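Here is a short briefing for a reader new to this protein. Please look over the sequence and the model before reading on.

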Amino acid sequence: MEKTGKPTINDVARIAGVSKKTVSRVINRSPLLNQDTRAKVEAVIADLGYIPNVQARALALRHNFLLGLIHDNPNAQMVMNVQAGILEAIRDTEFELIVRPIDRGSSTMLADVRAFLERQRLYGVLILPPVSENDMLAELCQSLGTRYVRMGSTTLDTAEHMVASNDCEVVVEAVQHLITLGHRRIGLIAGPHGFRSARERRKGFEQALSDAGIKLPRSMIAEGTYTFESGLAAADRLLDLSPRPTAIFASNDEMAAATLHAARRRGMSVPEDLSIIGFDDTAIAAHIWPPLTTVHWPIVSMGRSAALKLLADFFGEEQGVEEPSLFPSTLIHRASVAPPRPGSA
């Protein structure tokens, strides 16, 4: 075929006998097309030597091919896992990811986010907890016409704007497991103030004890900030008690690993002297010894689904598959939990 001038997306659509939107879906590796249509369009693209002009398309559509990730989270592994899910969703597309940490305690937080959204002209944004729990941030996105999805430990928004886990329910299951094994003095290393995840996990802990008729002194609860260092300090406070707990539920794996460290430093054996359960199922849980019993939080899947929700309009309604909003967590049994020593419970 004779080529005249620089080919455009209109040329590809005309010669292939399809719409511009179909060509765009082929370029972005959309799963919505049948193989015959995809092959026909790709053949025309190759024959014409067409190269998509991302900048020109961004100007025409009045947005960039960018997804944003907004967070104020001390758990770096959690943020990395969310990124992995988003990158999986946008692989082989024109979309890229921008990560923007913010300070939720700043008086200029909303203004800072507004400036970021207006400057980058994002196609959509995923907001991580705890800032995802701020309704004013969601309202800001709506006022700017920016697609958004909020991630949380419980329901925060309508299905199209949310991916959530069931933290309270799965922590009930985790603590019930300890109770079934014979533990009665169970300590909690709680998460930081202002995090809905910390509140939901503590709620599950207290509900499991209440259901079993177990009453514990307030001293059996120590607060952390989801960091290893805070977990170490909290574990030391709990292990200084007399009698000390025979089991500890830590609200994330970093603090659970710190609890193991604190116990070992005192010459205690895990799980014989102390059972430990964490939350997240990050790499650290399987790599330390003994490997941690923990709650698997499907964070990568949540990140992937959130990105696909943001791109739903771009790929069109023909996809026929609605991305889930609730992602149940599961208890992963490893070697850090055992019945208490006889007479210690």
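Predicted model: local features only at pLDDT ≥ 70, side-chain atom pairs only at ≥ 80, totals over all residues.

The protein has 14 helices and 12 strands. Buried residues account for 54% of its 345 residues.

**Overall layout**

- Along the principal axes, the C-alpha atoms fill a box of roughly 90 × 45 × 35 Å.
- Take the contacts between residues at least 6 apart in sequence: 73% of them join residues at least 24 apart.

**Helices H6 and H7**

- Two packed helices are described by the angle between their axes and the distance between the axes.
- Helix H6 covers residues 109-120, and helix H7 covers residues 135-144.
- Their axes come within 11 Å and cross at roughly 30 degrees. An angle under 35 degrees counts as roughly parallel, so H6 is roughly parallel to H7.
- The crossing of H6 and H7 is right-handed.
- On the H6 side, the contact is made by Met109, Leu110, Val113, Arg114, Leu117 and Glu118. On the H7 side, Met136, Leu137, Leu140, Cys141, Ser143 and Leu144 take part.
- By class, this contact of H6 with H7 holds nine nonpolar, one polar and two charged residues.

**Helices H10 and H11**

- H10 spans 228-239, and H11 spans 253-265.
- The axes of H10 and H11 come within 7 Å and cross at roughly 50 degrees. H10 and H11 are therefore oblique to each other.
- The crossing of H10 and H11 is right-handed.
- H10 contributes Phe228, Ser230, Gly231, Leu232, Ala235, Asp236 and Leu239 to the contact. H11 meets them with Glu254, Met255, Ala257, Ala258, Thr259, His261, Ala262, Ala263 and Arg265.
- By class, the contact of H10 with H11 has nine nonpolar, four polar and three charged residues.

**Cysteines**

- How many disulfides does a search of the whole structure find? The search finds zero.
- Cysteine 141 has a relative accessible area of 0%, so this residue is buried. Cys141 is also one of the H7 residues that meet H6.
- Cysteine 168 counts as buried too, at 6% relative accessibility.

- Most residues other than glycine have a negative phi, and most peptide bonds are trans. The next points list exceptions.
- The peptide bond from serine 242 to proline 243 is cis, with omega near 0 degrees. Proline 243 sits in the loop between helix H10 and strand S8 (247-250).
- Valine 270 and proline 271 are joined by a cis peptide bond, with omega about 15 degrees. Proline 271 is in the loop between helix H11 and strand S9 (275-280).
- Tyrosine 226 is not a glycine, yet its phi is positive, near 70 degrees. Tyrosine 226 lies in the loop between strand S7 (221-223) and H10.
- Is tyrosine 226 buried or exposed? At 6% relative accessibility, tyrosine 226 counts as buried.
- Aspartate 280 has a positive phi near 135 degrees. Its place is in strand S9.
- Aspartate 280 has a relative accessible area of 8%, so this residue is buried.

**Asparagine 252**

- Asparagine 252 lies in the loop between S8 and H11.
- Its relative accessible area is 1%, so asparagine 252 is buried.
- Which residues does asparagine 252 contact, leaving aside neighbours within four places in sequence? They are Asn75, Arg201, Tyr226, Gly278, Phe279 and Asp280.

**Isoleucine 186**

- Isoleucine 186 is in strand S6, residues 186-190.
- At 0% relative accessibility, isoleucine 186 counts as buried.
- Not counting residues up to four places away in sequence, isoleucine 186 touches Val175, Leu178, Ile179, Phe205, Leu209, Leu216, Met220, Pro245 and Ala247.
- Isoleucine 186 and alanine 198 are 12 residues apart in sequence. From C-alpha to C-alpha, isoleucine 186 and alanine 198 are 17 Å apart in space.

Methods. Residues numbered from 1 in each chain as written. Heavy atoms only, no water. Axes fitted to C-alpha atoms, helices over the stretch in contact; angles between N-to-C directions. Helix = DSSP H or I, 4+ residues; strand = E, 2+ residues; numbered from the N terminus. Parallel < 35°, antiparallel > 145°, perpendicular 65-115°, else oblique. Left-handed = near helix turned anticlockwise from the far one by under 90°. Contact = heavy atoms within 4.5 Å. Nonpolar A, V, L, I, M, F, W, Y, C, P; charged D, E, K, R; others polar. Disulfide = S-S within 2.5 Å. Buried < 20%, exposed > 50% of the residue type's maximum accessible area, 1.4 Å probe, protein only.
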